Amino acid sequence: YRLFDLGTNPELTEAIAKKLKTPVAQVEMQTFADNEIYERIVDSVRGIDVYVVQPISYPVNDNFIKLMIFIDAAKRTSAKSINVIIPYLGYARSDRKARSREPIVARLLANMLESQGVKRVMTMDLHTSQVQGFFDIPVDHLIAMPAQAKFYEDQGLTGSDVVVVASGPSTLKLVQKLAEVLEAQWAIVDQDRDPRVQTAVTGNVAGKYAIILDDIIDTGDTMLKAIIAVKKAGATTIDALATHGVLSGQAGENLQASDVDRVIVTDTVPIPAEKRFDKLTVISTA
Ligand code: R5P
């Protein structure tokens, strides 16, 4: 097999390559003046299983088309199989018609990947696990939870003084799992209540080490609202923990200025130096 990287998250691909003791195979890439993308697989992959790591993260549309162009190149040179590793699947939140006349973009992406002959998809912490069902090919839906649990266990942050808090109902199952592993308590934030006016936390966080969990920190609004609620409810220390640190716009600055003590994300999404901030820790999923 050969492992490829398309330049979006080379650190993660390098870390995976190191674990597999395999080199990262070369792709010649160029962007033309009009933003068209050129790609060429440097060495032959005829009859070879191809694996490519490409998060669909910012800029999501460019990164998706980069992946599609690579798949086309691999297909046309008779690769034995094309396997895509999408650590973060942008558009996964578009998983249903919430209003009439809306598209379901995650399904569209799945159709496009499949129709190009992709054999297998590996991804991590989809916004909803039902998105797996949009594909008729195998999907390995990996979870960051073991890496996150180890991060806390290594620091001795386990037991009943720790409370894992769901930032909303969609993460409750993951929260309960993490709490079980850490032998911690769990709680949930009601995002519909204004935490500046009333306590929006169900469960006991007072005097505890609170770990607020979400799948994505994008604009940071959901997490910031949860931080305010958990602080108001009396937590002594607050971590914001998420798999995908999308960190759009001012998310980093806003979190840095908030009452959170640490923001812990994984490396599924690349975080450029200018977006990093003091309270940020990145754990590897390689
Ligand atoms: C929502 O259902 C998700 O689980 C995240 O809470 C949300 O996508 C995070 O987005 P933002 O950081 O923009 O609030």
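User: What gives the most to the shell around the ligand?

Analyst: Strand 12 does, with four residues. Strands are DSSP runs of E, at least two residues long, and helices are runs of H or I, at least four, both numbered from the N terminus. Strand 12 covers 209-217 and helix 6 covers 221-232, and each supplies at least two residues of the shell.

User: How many residues surround the ligand, and what makes a residue count as near?

Analyst: The C-beta atom, placed from the backbone, must lie within 6 Å of the molecule. There are 14 residues around the ligand, and the closest are Ile216, Asp218, Thr219, Asp221 and Thr222.

User: How do you know how far to trust this?

Analyst: This is a predicted model, in which local features need pLDDT of at least 70 and side-chain atom pairs count only at pLDDT 80 or more, while totals for chains, interfaces and linings use all residues. Residues are numbered from 1 along each chain as its sequence is written. pLDDT is the predictor's confidence in each residue, from 0 to 100. The chain has a mean pLDDT of 96, with 100% of its residues at 70 or more. For the complex, the predictor gives an ipTM of 0.98 and a pTM of 0.95.

User: Why is Lys231 called partly exposed?

Analyst: Buried requires 20 or more other C-beta atoms within 10 Å of the residue's own, exposed 12 or fewer, and partly exposed lies in between, with C-beta atoms placed from the backbone. Lys231 has 18 such neighbours inside 10 Å, so Lys231 counts as partly exposed. Lys231 is in helix 6.
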